[in-house]
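My entries follow in the order in which I looked.

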Amino acid sequence: MSTPAPRAVPHTAPRTTPPAAPRTVLLTGAAGGVGTLMRDLLPAYGHDLRLLDVRPVEGAPDAITADLGDRAALREAVRGVDAIVHLAGISLEAPFEKILKANIEGTYHLYEAAREEGVRRIVFASSNHAVGYTPYPRDGAPPVPVDAPRRPDTFYGLSKCFGEDLAQLYWDRHGLETVSIRIGSCFPEPTSVRMLSMWLSPADGARLFHAALTADAVGHTVVYGSSANTRLWWDLSGARALGYTPLDDSEPYAARLVAEQGELDPADPAQARLGGHFVTDPPIWPY
Ligand code: NAI
Ligand code: 15L
């Protein structure tokens, strides 16, 4: 008789206090933009970080240099960690073959390594570009819900849809938990009018990753990730239910950015949807 698959358990009691003891967390993509920010911010929440990237991580001689295609290296890297924050991969648009290798096969290899080594939870950096073709709400329409149909705007966005589905499979089949965070724009400051709606400040990013690492019984949960922006486009209730309380708002940047760039024009295809210019002229991964 086959063993029944574990059931998704709704999280009813969000955890708001940091764990008593430091937890060992593998941070993939540690040399990248978000990885660099989180390397600075997450230790204050009691997490002991183990770092991994295909590139050397500046100022971190102990970081593991490994490609997501190297299963043996991944297996060693995940051994003994309590959780993984998975940021590594191509973070912009690229030819399908490159996305396939880094984001699709690479994420699969990481999940397999995690399953083999008994890791309990992964926090997966999904993206707004999984729903990039969704028009942003206008004229008082409600924020975009997390169960809105996925509408990837690029092969990159498509790879994030794959990652979310992979996470669901590994929860249903193997009991490996994931919080998939559809990150808006995580940068030190918003640099465009669109980002006023999408911005996830670094400090709120750390709050959200910490909540995703420590909330009880998440099964596979998909949430949107941004700050408490006045111009928010999507529903943050899922993230809040994990115990995330955003404290930042992009609005102080609005006057300058709107003066420089003007308000968004919903008649312009590059400005009418969550994914912004990714739907028309996505920035291309440079390597
Ligand atoms: P980034 O491009 O600055 O960093 C990605 C890192 O992954 C790089 O250091 C790169 O060397 C590493 N990497 C790429 N391929 C690899 C491979 N095959 N094996 C091992 N490492 C590899 O990206 P960023 O901005 O830091 O984003 C981090 C994650 O968050 C990405 O997965 C991205 O898709 C996601 N994300 C980021 C957003 C943002 O606003 N920065 C928004 C939405 C999602
Ligand atoms: C992303 O998914 C990218 O990784 C990041 O570089 C930004 O472009 C962000 O989305 C965004 O939409 O602003």
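Entry, ligand 2. I listed the residues around ligand 2 and found Ser-91, Leu-92, Ser-127, Asn-128, His-129, Tyr-156, Gly-184, Ser-185, Phe-187, Arg-194 and Phe-278, where a residue is near a molecule if one of its heavy atoms lies within 4 Å of it. I note that this is a predicted model, in which local features need pLDDT of at least 70 and side-chain atom pairs count only at pLDDT 80 or more, while totals for chains, interfaces and linings use all residues. Residues are numbered from 1 along each chain as its sequence is written, chains are lettered from A and ligands numbered from 1 in the order in which they are written, and side-chain values use heavy atoms, with hydrogens and water left out.

Sorted by class, the shell around ligand 2 has four nonpolar, six polar and one charged residues (Ala, Val, Leu, Ile, Met, Phe, Trp, Tyr, Cys and Pro count as nonpolar, Asp, Glu, Lys and Arg as charged, and the others, Gly among them, as polar).

I then looked for polar contacts, meaning pairs of N or O atoms within 3.5 Å. A polar side-chain atom of Ser-185 lies 2.6 Å from an oxygen atom of ligand 2, one of His-129 lies 2.7 Å from an oxygen atom of this ligand, and a side-chain N or O atom of Arg-194 is 2.8 Å from an oxygen atom of ligand 2. Ligand 2 taken alone exposes 320 Å², of which the protein buries 83% (accessible areas by the Shrake-Rupley method with a 1.4 Å probe).

Entry, ligand 1. I counted 26 residues around ligand 1, the closest being Val-34, Asp-53, Ser-91, Tyr-156 and Cys-186, and by class this shell has 13 nonpolar, nine polar and four charged residues. A polar side-chain atom of Asp-67 lies 3.5 Å from a nitrogen atom of ligand 1, a backbone N or O atom of Leu-68 lies 3.0 Å from a nitrogen atom of ligand 1, and a polar side-chain atom of Lys-160 lies 3.0 Å from an oxygen atom of ligand 1. Taken alone, ligand 1 exposes 820 Å², and the protein buries 91% of that.

Which elements give two or more residues to the shell around ligand 1? I found α1 (33-41), β5 (121-127) and α4 (155-174), with β5 giving the most, three residues (helices are DSSP runs of H or I, at least four residues, and strands runs of E, at least two, numbered from the N terminus).

Entry, helix packing. The axes of α3 (residues 96-117) and α4 come within 10 Å and cross at roughly 20°, and α3 and α4 are therefore roughly parallel to each other (angles under 35 degrees count as roughly parallel, over 145 as roughly antiparallel, 65 to 115 as roughly perpendicular and the rest as oblique). Helix α2 (residues 71-78) packs against α3 at about 50°, with axes 9 Å apart, so these two, α2 and α3, are oblique to each other.

Definitions and conventions: Polar contact = N/O pair within 3.5 Å; in protein donor to acceptor, adjacent residues only side chain to side chain. Axes fitted to C-alpha atoms, helices over the stretch in contact; angles between N-to-C directions.
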